[in-house]
Amino acid sequence: MDSSIVGHDGVAEWDPLKLSVDVSALGITGYQARDWLKQECGLTVQLGDARRVVCSLTYADDDAAIERLAAALERLADDPPAPDRPAPDLPPLEDFDLDQVMNPREAYFAETEQVTDPAGRIAAGMTLPDAADPKLKTFRVVRE
């Protein structure tokens, strides 16, 4: 990817200083890879999830720091640790490509309602610091 992705639906900006590495083919999770990189190589990554680790580079990282990260990732790939937890059984990412029936801005500003069963409905919220229903028993959806 490069800056050409900016300006497309769902892309606000591109950060060339973030490196996302999918480790699922190694039979481990990003959580385990994150822990391994810290314990074995003294490297702290930004985050790990079920499939990947995300490394943040900064203007202060020189070629030696980038080489150190590359060497650590090569070492991890050449000799990954034994899985310490079951890897989640996730479908291929392409299976998550869904038809967008309404863009997020339209959904957010549409007339909405709170429902207890949101299956098949258009979500009208987004990741927010405070939920509209603090008990998380209802969900904000676009009114039909």
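Helices here are DSSP runs of H or I with at least four residues, numbered from the N terminus. With that in hand, let's walk through this predicted model.

**Stop 1: helix 2.** Select residues 63-78, which make up helix 2, and find Asp-78 within it. Asp-78 counts as exposed because its relative accessibility is 68%, and exposed means over 50%.

Stop 2: Next, pick Thr-29, in the loop between strand 1 (18-22) and helix 1 (30-41). Thr-29 has a relative accessible area of 3%, so this residue is buried. Follow its side chain to the backbone nitrogen of Gln-32, 3.1 Å away.

**Stop 3: salt bridges.** The structure holds 9 of them. Start with Arg-51 and Asp-22, whose side chains meet at 3.4 Å, N to O. Arg-51 sits in the loop between strand 2 (47-48) and strand 3 (52-56), while Asp-22 belongs to strand 1, 29 residues apart. Arg-51 is buried at 15% relative accessibility, whereas Asp-22 is partly exposed at 42%.

**Stop 4: around Arg-143.** Which side chain meets Glu-111 in a salt bridge? Select Arg-143: the pair is at 3.0 Å, N to O. Arg-143 also forms a salt bridge with Glu-113, at 3.6 Å. Because Glu-113 lies in strand 4 and Arg-143 in the segment after strand 5, this second pair ties together parts 30 residues apart in sequence. To finish, show Arg-121 and Glu-144 too: salt bridges with shared partners join them with Glu-111, Glu-113 and Arg-143 into one network.

Conventions. Residues are numbered from 1 along each chain as its sequence is written. This is a predicted model: local features need pLDDT of at least 70, side-chain atom pairs count only at pLDDT 80 or more; totals for chains, interfaces and linings use all residues. Side-chain values use heavy atoms; hydrogens and water are left out. Helices (H or I, at least four residues) and strands (E, at least two) are DSSP runs, numbered from the N terminus. Buried means under 20% relative accessible area, exposed over 50%, partly exposed in between (1.4 Å probe, protein chains only). A polar contact is a pair of N or O atoms within 3.5 Å; within protein, one must be able to donate a hydrogen and the other to accept it, and residues adjacent in sequence count only if both atoms are side-chain atoms. A salt bridge is a side-chain nitrogen of Lys or Arg within 4 Å of a carboxyl oxygen of Asp or Glu.
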